[in-house]
Structure formats: structure tokens, C-alpha cells
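Student: I have a new model open in my viewer. Could you walk me through it with some questions and answers?

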Amino acid sequence: MADSTAPMPAVRCDACGADRGPLMKLSLGKDFFGRTYDRLSPSSDASPKWYCEPCSMQKNLQRDFRDIKTEIDKLHSGQASALTAADQLQRAHLRLREIQALTGSQVSGTRLLDPADVASLLQRVQAQTGAATT
Ligand SMILES: [Zn+2]
């Protein structure tokens with residue numbers, strides 16, 4: 001072989017340490033509600049993060065889960081919340097059902113979300129949806 005091997009960047013998934021590709025550099029600029037993203041790892045914010053496919057999906061789920069949980073906590077404590085809007089509440093409900101399905105079917109990589117936490121948050125959002133639409 002005449003051609004030299006292209007140097008591969010020595011990157012690993014920042015969540016589970018997998019060094020097999022493809023790895024995705026996640027740019028988590030906006031949160032679930034379209035606001036400037038409150039980063040999950042502020043101390044390591046300066047360095048780019050790389051995630052393998054299953055972990056990048058989990059990371060996105062984790063971000064949305066936290067956004068929705070923060071907002072429902074605010075709603076329940078009487079603060080202004082993005083979930084006061086019925087359409088946002090509906091979006092959050094659908095997204096949580098999706099998150100539940102995806103975390104339930106995950107078999108490899110690092111589990112960043114506990115399915116029990118997802119189920120409990122989904123229940124809270126569901127209760128809120130019922131209260132808003134009936
Ligand atoms: Zn990974």
C-alpha cells in the first residue's frame with residue numbers, strides 16, 4: 001500500500017469511553033424550550049465533547065429530561081414556567097413518552113437516565129396535561 005494511513009483523532013466518547021465510531025460532537029446550544037442552553041457540565045464547558053451514537057442520543061434525552069423536570073418543578077412551586085403554555089406542555093408530554101420508549105429499549109453504552117425517573121416525570125406531566133385539558 002502506497003498511501004499513508006490518515007491519522008485518526010484520538011477521541012473517545014465522553015460518556016462511556018467507547019473509541020469506536022462514529023463519534024459525534026454535540027453542540028447543545030438550545031434547550032428543549034428553545035432557550036439558551038443551561039449546560040449539563042459547566043465546569044468542562046470549554047472543551048468540546050464527543051459522544052458515540054448511543055451516548056449522543058442519551059445525552060440529548062438527558063438534556064430534554066432535565067429541561068422538562070426543571071419546568072414542572074417551577075410550575076408546581078408556583079413560579080413562572082414554560083409549561084404553563086398548553087402547547088409546550090403537550091410537547092413535553094410527547095417528548096417524555098419518546099424518552100421513555102428510547103431509554104427502555106437501550107441496551108448498550110452508558111445509561112445516563114434512570115427509566116424510573118423518566119416514568120415518574122412522565123406521570124407528573126400527564127397529571128398536569130389532564131388538569132389543563134379537562
Ligand atoms: Zn458512548
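This is a predicted model: local features need pLDDT of at least 70, side-chain atom pairs count only at pLDDT 80 or more; totals for chains, interfaces and linings use all residues.

Student: In what order do the elements of the protein run from the N terminus on?

Tutor: Helices (H or I, at least four residues) and strands (E, at least two) are DSSP runs, numbered from the N terminus. The protein has three helices and two strands. Their order is β-β-α-α-α.

Student: Which element of the protein has the highest mean pLDDT?

Tutor: pLDDT is the predictor's confidence in each residue, from 0 to 100. The protein averages 80, and 74% of the residues score at least 70. Among the elements, S1 has the lowest mean, 79, while the highest, 92, belongs to H2.

Student: How far does H2 reach from its first C-alpha to its last?

Tutor: Helix H2 covers residues 86-105, which is 20 residues.

Student: Within what arc do the buried residues of H2 fall, seen down its axis?

Tutor: A residue is buried if 20 or more other C-beta atoms lie within 10 Å of its own, exposed if 12 or fewer, and partly exposed in between, with C-beta atoms placed from the backbone. In H2, Leu89, Ala92, Leu96, Ile99 and Thr103 are buried. They line one face of the helix, so the arc, taken over the directions from the helix axis to the C-beta atoms, is 80°.

Student: Why can residues three or four places apart point the same way?

Tutor: The answer lies in the geometry of the helix. Residues at that spacing point the same way because an α-helix has 3.6 residues a turn.

Student: Which residues are exposed on the other side of H2?

Tutor: The buried side of H2 includes Leu89 and Leu96. Across from it, the exposed residues are Ala86, Asp87, Leu94, Glu98, Ala101 and Ser105.

Student: Which residues is Leu96 in contact with, leaving aside its neighbours within four places in sequence?

Tutor: Two residues are in contact if their C-beta atoms, placed from the backbone, lie within 7 Å. Leu96 is one of the buried residues of H2. Its partners are Ile68, Val118, Leu121, Leu122 and Val125.

Student: Is Leu102 buried, exposed or partly exposed?

Tutor: Leu102 is found in helix H2 and touches Met57 and Leu61, not counting residues up to four places away in sequence. Its C-alpha is 8.5 Å from that of Gln58, 44 residues apart in sequence. With 16 other C-beta atoms within 10 Å, Leu102 is partly exposed.

Student: What distance separates the C-alpha atoms of Arg20 and Cys52?

Tutor: Arg20 lies in the segment before strand S1 (23-25). Arg20 counts as exposed because it has 9 C-beta neighbours inside 10 Å. Arg20 and Cys52 are 32 residues apart along the chain, and their C-alpha separation is 7.5 Å.

Conventions: Residues are numbered from 1 along each chain as its sequence is written. The expected span of a helix is 1.5 Å times one less than its number of residues.
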